[in-house]
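Subject: Handover of a structure and notes on its features

Dear colleague,

Please find below the structure that I am handing over to you. My notes on it follow directly after.

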Amino acid sequence: MKFPLIIEQQLSDRTVSVVVQVNLSTELITLKQLIAVKVCAEIEQKRQEQNTKHNTMEARLNQTHPDKELSYDLESEINKALEQFMRNGFFVLVDGQQIAELNDIIQWHKEMEVVFLQLVALEGG
């Protein structure tokens, strides 16, 4: 059974910068697993955007060659995200409640709201 979930990434001013939709394979997931799922979904979304960009009519007519395919070390990208979380680079809110520990278990439900809140430094300070 699949458990659909939409994850928003917001900047500290509440501007939504990224939205990804994932299907969880289980109702229970740790925050660490959720971060990994989000990273994987974002990478897949970037790859699809690159493929779409190079499959446009203009690209085919002009015979432009696609840029080198985006290459990611998935494990490295997940580790970067986990390190950023541990350094308070972003917070995760589930139904408005902050999840503070990577091993905290989150139970999926149909109306669940997940927000990754990324902190942005203020200008001049």
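In which sense do strand β1 (residues 3-11) and strand β2 (residues 16-24) pair, and over how many bridges? The model is a predicted one, and in it these two strands pair in the antiparallel sense over 8 bridges. Pro 4 stands opposite Asn 23 of β2. The two strands form a hairpin with 4 residues between them, where Arg 14 takes a positive phi near 75 degrees.

Strand β1 also pairs with β7, here in the parallel sense and over 5 bridges. Ile 7 has Val 114 in β7 as its bridge partner.

May I next draw your attention to strand β4. This strand, residues 90-94, is largely enclosed by the rest of the structure, because 4 of its 5 residues are buried, that is, under 20% relative accessible area. Strand β7, which covers residues 114-118, is joined to β4 by 5 bridges, and the two run antiparallel. Within this pairing, Val 92 stands opposite Phe 116 of β7.

A further partner of β4 is strand β5 (residues 97-99), with 3 bridges in the antiparallel sense. Val 94 has Gln 97 of β5 as its bridge partner. The hairpin formed by β4 and β5 has 2 residues between the strands, and Asp 95 in the turn has a positive phi of about 50 degrees.

The aromatic residues deserve a separate paragraph. The structure holds 3 aromatic pairs, and one aromatic cluster is formed by Phe 85, Phe 90 and Phe 116. The charged end of Lys 38 sits over the ring of Phe 116, at 4.8 Å from the ring centre.

How much space lies in the largest pocket? The figure is about 290 Å³. The pocket is lined by 15 residues, of which Gln 9, Lys 38, Glu 42, Ala 81 and Gln 84 are the closest to its centre. Two or more lining residues come from each of α1 (31-54), α3 (74-86) and β7. Helix α1 gives the most, with 6 residues. Sorted by class, the lining of the largest pocket has 7 nonpolar, 5 charged and 3 polar residues.

With kind regards

Conventions: Residues are numbered from 1 along each chain as its sequence is written. This is a predicted model: local features need pLDDT of at least 70, side-chain atom pairs count only at pLDDT 80 or more; totals for chains, interfaces and linings use all residues. Side-chain values use heavy atoms; hydrogens and water are left out. Buried means under 20% relative accessible area, exposed over 50%, partly exposed in between (1.4 Å probe, protein chains only). Two strands pair if DSSP finds at least two bridges between them. Rings of Phe, Tyr and Trp (its six-membered ring) pair if their centres lie within 6.5 Å; planes under 30 degrees apart count as stacked, over 60 as edge-to-face and the rest as tilted. A charge sits over a ring if NZ of Lys or CZ of Arg is within 6 Å of the ring centre and within 35 degrees of the ring normal. On a 1 Å grid over the protein atoms alone, a cavity is a set of points where a 1.4 Å probe fits but cannot get out, and a pocket is an open set with protein on both sides within 12 Å along at least five of seven lines; lining residues have an atom within 4 Å of a point. Grid points are joined across faces, edges and corners, and a volume is the space filled by probe spheres set on the points. Ala, Val, Leu, Ile, Met, Phe, Trp, Tyr, Cys and Pro count as nonpolar, Asp, Glu, Lys and Arg as charged, and the others, Gly among them, as polar.
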